[in-house]
Amino acid sequence: MLALELTVDSVAARTVGLGGRVYGEKRVARPRGRFSPEETIEDVTNLAAPLLTSLPDRHRLVGVGIAVAGVVRRSDGFVHLAPNLGWRDVPLREMAAAALGIDRVMLANEADLGALGEFRRGAGMGVGHLIYVAGEVGIGTGIILNGSPMLGSAGYAGEAGHNVINPGGHRCRCGAVGCWETEAGEEALARRAGIPEGMVGQALLDELRVRAGRGDRTTLEALDVIGRWLGMGIGNLINSFNPELIVIGGFHSELYPYLEDAVKRGAEESALDAPGRMARILRCELGVNAPLVGAAELVLEEVIANPAALASLDPGNWQPAMVSEENITRPASV
Ligand SMILES: [Zn+2]
């Protein structure tokens, strides 16, 4: 499988075999501004090409899974809206399939895939009800209920970043005021910490960690405020879904040691007693790569469900040895 992740801060590619084995991986930061779907597809194709050509002998690509920071319709890989990338109605599956020269391309929202990754191979293994919270520029959530992804009627569920949490807060890209992501996201934290506008992504994270590490009071207070807002939103999710586990991914996971107390305090404030006590809040285990792991799992699910379909893809190269039973690690909780 080729797993790709398209976010505002970076694009990443990883080649993954059965059992989640990683063959190669590359992530590159990208300048804000190079965001068009065409440029993005070009960037990831260039990123993926050396990984694919360096695969070991007798290995071939069976499918591509793509994690996108946006609202994605899984049935045809149509990106309805990716507000932070500035995309609307992009037939991304089609574009990626043409650029990569393979038909089996599957798209999903990155928070949903982060949830799947942590559920299959990270902090959520063996947990039936979990919510993955992925902060970057925005905040998305991936919800797994009773072992299955909760996607909504068209796959648009989990946009909890746009739940209004503070009507007196800042205006969001979506048009509303005081969305969860405008109060607890990357930009809110940078603003409160007094970091100059324009510092984003990894550079922002590094700066925040340096400042927090040396005990800078403004930064620590900003982390406390943002952590509490994050926790209050999590408490709302706990009330709505009664999860066993909340997994903190993305941007917030990188700063979690500084956020943890405030997050737990915020969640206690807003969650009801019984579901609040049941829900554990943990930092993700797979780090920034959780959506990539999930993107590979998305394809792997289909391969395992119907390995015979691979034969029809490219009979000339079909190598039945690839799916020998001993290579398959079945997730314990499925
Ligand atoms: Zn919003």
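What arrangement do the 4 donor atoms around the zinc ion make? It's tetrahedral, because they subtend angles of 104 to 124° (four donors count as tetrahedral if all angles lie between 85 and 135 degrees).

This is a predicted model, where local features need pLDDT of at least 70, side-chain atom pairs count only at pLDDT 80 or more, and totals for chains, interfaces and linings use all residues. Residues are numbered from 1 along each chain as its sequence is written, and side-chain values use heavy atoms, leaving out hydrogens and water.

The protein donors are His162 (ND1), Cys172 (SG), Cys174 (SG) and Cys179 (SG), 2.0 to 2.3 Å from the zinc ion. Donors here are N, O and S atoms within 2.8 Å of the metal (3.2 Å for Na, K and Ca); water is not among the atoms, so sites may look incomplete. Along the chain, the spacing reads H-x9-C-x1-C-x4-C.

Two of these residues compare like this (buried: under 20% relative accessible area; exposed: over 50%; partly exposed: in between; 1.4 Å probe, protein chains only):

| Residue | Relative accessible area | Class |
|---|---|---|
| His162 | 23% | partly exposed |
| Cys179 | 0% | buried |

Now the sheet. It's open, with 5 strands in the order 11-10-9-12-13 and mixed pairing; strands are DSSP E runs of at least two residues, helices H or I runs of at least four, numbered from the N terminus. Strands pair if DSSP finds at least two bridges between them. Strand 9 (residues 130–135) and strand 10 (residues 139–145) run antiparallel, joined by 6 bridges, and Ala134 stands opposite Gly140 in strand 10.

Note on methods. Four donors count as tetrahedral if all angles lie between 85 and 135 degrees; four count as square planar and six as octahedral if opposite donors are over 155 degrees apart and all others between 65 and 115; anything else is irregular.
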